[in-house]
Amino acid sequence: MRPHEHVLVIGGGVAGLATAAALDPRRVRVTLVEERPERAGAGTVLAMWRGGRVALDAIGVGERVRSTSFPADRALLRDATGRGLHDIAPSLWFTPRSELVAALEGALPDSVTRLTRLVTDPRALATQLGADLVVGADGVRSAVRQHAWPGTAPVITDWIALRGHLPGPPEHTATEWWGPGGLFGTTPGPQGAAWFCAVRGGRGTTLDPADALALARGHFADWDPRTREILAAVGEQGDTQRILLAPRLRTSADDGLVLIGDAAHAMSPNLGRGANEALEDAVALAAMIHRHGTKGAPHAFSRRRHLRGQVLRVAASAGLRVATTGHAAPARDALVRAVAILA
């Protein structure tokens with residue numbers, strides 16, 4: 001690799017920050033572009049699985065993130081009435097998104113150039129800046145993906161996700177309720193617990209938070225009383241978003257360009273894998289750039305990581321359908337209980 005090849009990273013969320021932090025400044029010059037930097041840390045908590053934790057260690061922020069995370073000593077799976085389906089002892093951290101972003105920001109080399117702007121033509125910007133490689137880390141609505149692969153707008157689902165914090169005593173258990181047309185969960189969090197739910201709510205692209213919360217309260221009204229108590233306790237507070245998915249892609253690499261994280265494989269949030277895959281993508285891409293240079297890295301990265309992301313994207317959607325089935329719920333519950341007994 002010639003000294004100081006130039007990588008343009010578009011997107012300043014988890015994927016983009018991790019990429020910029022993982023690249024060796026002695027070998028690669030990085031420009032990081034984000035339209036709205038203030039949004040990077042928005043959200044509640046993120047589940048950190050083993051792969052994500054290994055990636056954080058590779059970036060050098062594992063201990064810092066661990067110190068601000070909340071472990072779960074149990075994970076409970078319940079049906080809509082509250083009956084137990086499964087009880088496991090997981091190896092999970094629940095990390096405040098703001099703390100994860102702060103750790104990645106702190107790991108950025110001083111040599112990284114930061115720009116705040118909307119990018120509509122990533123290749124033109126790369127030419128303007130003299131960059132050798134464009135990394136699309138700009139999320140499910142990725143302008144990089146849609147510019148390089150026309151017709152790849154995000155898939156708009158009829159699912160709405162809500163999430164927020166629930167002040168109270170420390171929570172040490174992750175609990176998830178599965179039922180017809182919806183999913184509800186609580187995890188350890190910085191204010192006691194974090195909560196989340198998903199419910200069907202039509203395909204309109206705009207969401208009124210009050211209407212979404214009313215929809216959730218109506219849907220979960222006959223579920224386990226605990227879900228109703230939580231939705232009552234949060235008042236009007238809660239973050240609401242339409243669940244969008246990345247479209248199916250045959251590759252995540254093109255000439256001088258590569259997609260990572262949600263830009264490549266945004267999935268429904270029920271697996272809790274999004275941030276983990278973004279971190280693993282970032283570390284893998286940095287390794288490929290160090291090994292193959294900016295010219296060879298995109299396709300080497302795609303061969304290593306693309307299929308995994310696409311499989312997880314499909315698996316997450318299938319998992320959401322299984323979790324929220326109505327007519328097949330008895331068979332699903334019986335199967336889950338059988339697996340629990342055999343585990």
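# Reading strands, salt bridges and spaces in a predicted model

Tutor: Let us begin with strand β9 (residues 133-136): Leu133 and Val135 point one way, Val134 and Gly136 point the other way, and all are buried. Here a strand is a DSSP run of E with at least two residues, a helix is a run of H or I with at least four, and both are numbered from the N terminus. Buried means under 20% relative accessible area, exposed means over 50%, and partly exposed lies in between (1.4 Å probe, protein chains only). This is a predicted model, in which local features need pLDDT of at least 70 and side-chain atom pairs count only at pLDDT 80 or more, while totals for chains, interfaces and linings use all residues. Residues are numbered from 1 along each chain as its sequence is written, and side-chain values use heavy atoms, with hydrogens and water left out.

Student: Which way do Leu133 and Val134 point from β9, and how should I read such a pattern?

Tutor: In a regular strand the side chains alternate between the two faces of the sheet. In β9, Leu133 points one way together with Val135, whereas Val134 points the other way with Gly136.

Student: Which strands run parallel to β9?

Tutor: Strands of a sheet pair through backbone hydrogen bonds, either parallel or antiparallel. Two strands count as paired if DSSP finds at least two bridges between them. Strand β1 (residues 5-10) runs parallel to β9 and is joined to it by 4 bridges; Leu8 stands opposite Val134 there. Strand β16 (residues 257-259) also pairs with β9 in the parallel sense, over 3 bridges. Val134 stands opposite Leu257 of β16, and Val135 has Val258 as its bridge partner in that strand.

Student: In what order do the strands of the open sheet lie?

Tutor: The open sheet has 6 strands in the order β8-β2-β1-β9-β16-β15, with mixed pairing. Its edge strands, β8 (113-116) and β15 (253-254), each pair on one side only.

Student: How many salt bridges does a search of the whole structure find?

Tutor: Side chains of opposite charge can pair when their charged atoms come close. A salt bridge is a side-chain nitrogen of Lys or Arg within 4 Å of a carboxyl oxygen of Asp or Glu. The search of the whole structure finds 15 of them. One of these joins Arg83 to Asp79, with the closest N and O atoms 2.8 Å apart. Asp79 counts as buried because its relative accessibility is 4%.

Student: Why does His265 count as buried, and what is it in contact with?

Tutor: His265 lies in helix α9 (residues 262-265), and it counts as buried because its relative accessibility is 3%. Contact means heavy atoms within 4.5 Å. Leaving aside neighbours within four places in sequence, His265 is in contact with Ala246, Glu277, Asp281, Gly309, Gln310 and Arg313.

Student: How many cavities of 30 Å³ or more are found, and what lines the largest cavity?

Tutor: Rolling a probe the size of a water molecule over the atoms shows where empty space is left. On a 1 Å grid over the protein atoms alone, a cavity is a set of points where a 1.4 Å probe fits but cannot get out; a pocket is an open set with protein on both sides within 12 Å along at least five of seven lines; lining residues have an atom within 4 Å of a point. Grid points are joined across faces, edges and corners, and a volume is the space filled by probe spheres set on the points. The search finds 1 cavity of 30 Å³ or more. The largest cavity is lined by Leu162, Pro209, Leu213, Glu236, Gln237, Gly238, Asp239 and Thr240.

Student: What is the volume of the second largest pocket?

Tutor: The second largest pocket has a volume of about 160 Å³. Of its 13 lining residues, Thr157, Trp159, Ser317, Leu320 and Arg321 lie nearest its centre.
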